[in-house]
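Let's take a walk through this fold together, beginning with the overall picture and then moving from the sheet to the helices. Keep the viewer open as you read.

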Amino acid sequence: MIWDELIGQTPAKKYLGAVLASGRMAHGYLFSGPAGVGKRTAAYAFAQAAMCPQPPAPGQACGICKSCRWFQARQGAQIDHPDMIPLITFSKGRTGRDGSTNYEEKRVGDQEPVIKLETVQYVCEQLHRTPMAGARRVAIVPEAQRFCSGQAEAANAFLKTLEEPPAASLIILTSSQPEALLETIVSRVQNVQFKRLSSAEVSVGLSRRWPGIEPPDLALAAALADGSIGRAVELVEGDMKNWRAAVLAALEKFSARTFLAFGAGLWVLSDAEGKRLFALAQEAQTEDEDGGEGSGVRGQGSGMTPKGSTRRK
Ligand SMILES: [Zn+2]
């Protein structure tokens, strides 16, 4: 089942399933929420279901048709489906013997800070073409605020397509900074909210990506990932072993207020994450001293509490 890949996010799943089942799909969607919580997985699942010609049930995809097989062979943003429009830029290549200039296509990577006007123009032009394999032309634009950052021209070109979308088009924007998108763009798409995951959900996602992960590493990464599977993967792929060694050393050195030491150990290693945990630990300690309820890390696991905030009853 295509939606099994998406961990948690029940309200978003329900909403998108209902849209597919109703057959009344909008032309533009914005999947917004923290990084690494499944927005892109959901975008591809939604696109697959929207393009499957023989869904076995409303909101599902058959998994065996040609279109579904293209989706299943997807590697990240790399997909061979002829109606899925890639984000590409064109750089000047070699000059031909006749003096003509060749342009080389290059995919826009996830880390590139800006999506240029030429890419936006290419996507918009491609959306207007007749579908080759199915009923729709689809563009998925991850971290779509990248085409709004200081480039009015690119944002306006996109806005124009959103205002008058081609009949057979589907545009899915994702963003972990939706506030950086133009208000005029946000108002023309259906906004679907994605939430921070619980650490149990992060554990599930992480163990799927890393089936052989050691339980202590899994637990530590899930606890530190702040509700983001993407962050947990980064932690595991990064210097997790060094982190663990340093944290264990810190725990041995200081005993009583272990969590404070835990945060301090991390502070040395990772400024941002350590500072955040240290602040939380200090807050927890103050509350304990005041006879306040609860302890430990807040803002994790609820899926609703903003980063670093404290829930109070
Ligand atoms: Zn299918």
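Of the 313 residues in the protein chain, 36% count as buried. Please bear in mind that this is a predicted model. The chain has 12 helices and 7 strands. Among contacts between residues at least 6 apart in sequence, 63% join residues at least 24 apart.

Now follow the pairings from the E2 side. E2 and E5 pair in the parallel sense over 2 bridges, and here Met84 has Val138 in E5 as its bridge partner. On the next step, E5 and E6 pair in the parallel sense over 5 bridges; there, Ala139 has Ile171 in E6 as its bridge partner. E6 (residues 169-175) is in turn joined by 5 bridges to E1 (residues 28-32), and these two strands run parallel.

How many of its 5 residues are buried? The count is 5 of 5, so by the cut-off of 20 or more other C-beta atoms within 10 Å, E5 is mostly covered. In a regular strand the side chains alternate between the two faces of the sheet. In E5, Arg137, Ala139 and Val141 point one way, while Val138 and Ile140 point the other way, and all are buried.

Helix H7 (residues 199-209) packs with helix H9 (residues 229-237) at an angle of about 50°, their axes being 9 Å apart. H7 and H9 are therefore oblique to each other, and their crossing is right-handed. On the H7 side, the residues that meet H9 are Val202, Gly205, Leu206 and Arg209; on the H9 side, they are Ile229, Ala232, Val233 and Val236. By class, the residues of this contact divide into 6 nonpolar, 1 polar and 1 charged. An α-helix has 3.6 residues a turn, so residues three or four places apart point the same way.

Which residues of H7 are buried? They are Ser199, Glu201, Val202, Ser203, Gly205 and Leu206. What covers them includes H8 and H9.

H8 brings us to the other packing with H9. Helix H8 (residues 215-224) packs with H9 at an angle of about 130°, with the axes 8 Å apart. That angle makes H8 oblique to H9, and H8 passes H9 in a right-handed crossing. The contact is made by Asp217, Ala221, Ala222 and Leu224 of H8 together with Ala232, Leu235 and Val236 of H9. In this contact there are 6 nonpolar residues, no polar ones and 1 charged.

Notes: Residues are numbered from 1 along each chain as its sequence is written. This is a predicted model: local features need pLDDT of at least 70, side-chain atom pairs count only at pLDDT 80 or more; totals for chains, interfaces and linings use all residues. Axes are lines fitted to C-alpha atoms, for helices over the stretch in contact, and angles run from 0 to 180 degrees between N-to-C directions. Helices (H or I, at least four residues) and strands (E, at least two) are DSSP runs, numbered from the N terminus. Angles under 35 degrees count as roughly parallel, over 145 as roughly antiparallel, 65 to 115 as roughly perpendicular and the rest as oblique. A crossing is left-handed if the near helix is turned anticlockwise from the far one by less than a right angle, and right-handed if clockwise. Two residues are in contact if their C-beta atoms, placed from the backbone, lie within 7 Å. Ala, Val, Leu, Ile, Met, Phe, Trp, Tyr, Cys and Pro count as nonpolar, Asp, Glu, Lys and Arg as charged, and the others, Gly among them, as polar. Two strands pair if DSSP finds at least two bridges between them. A residue is buried if 20 or more other C-beta atoms lie within 10 Å of its own, exposed if 12 or fewer, and partly exposed in between; C-beta atoms are placed from the backbone.
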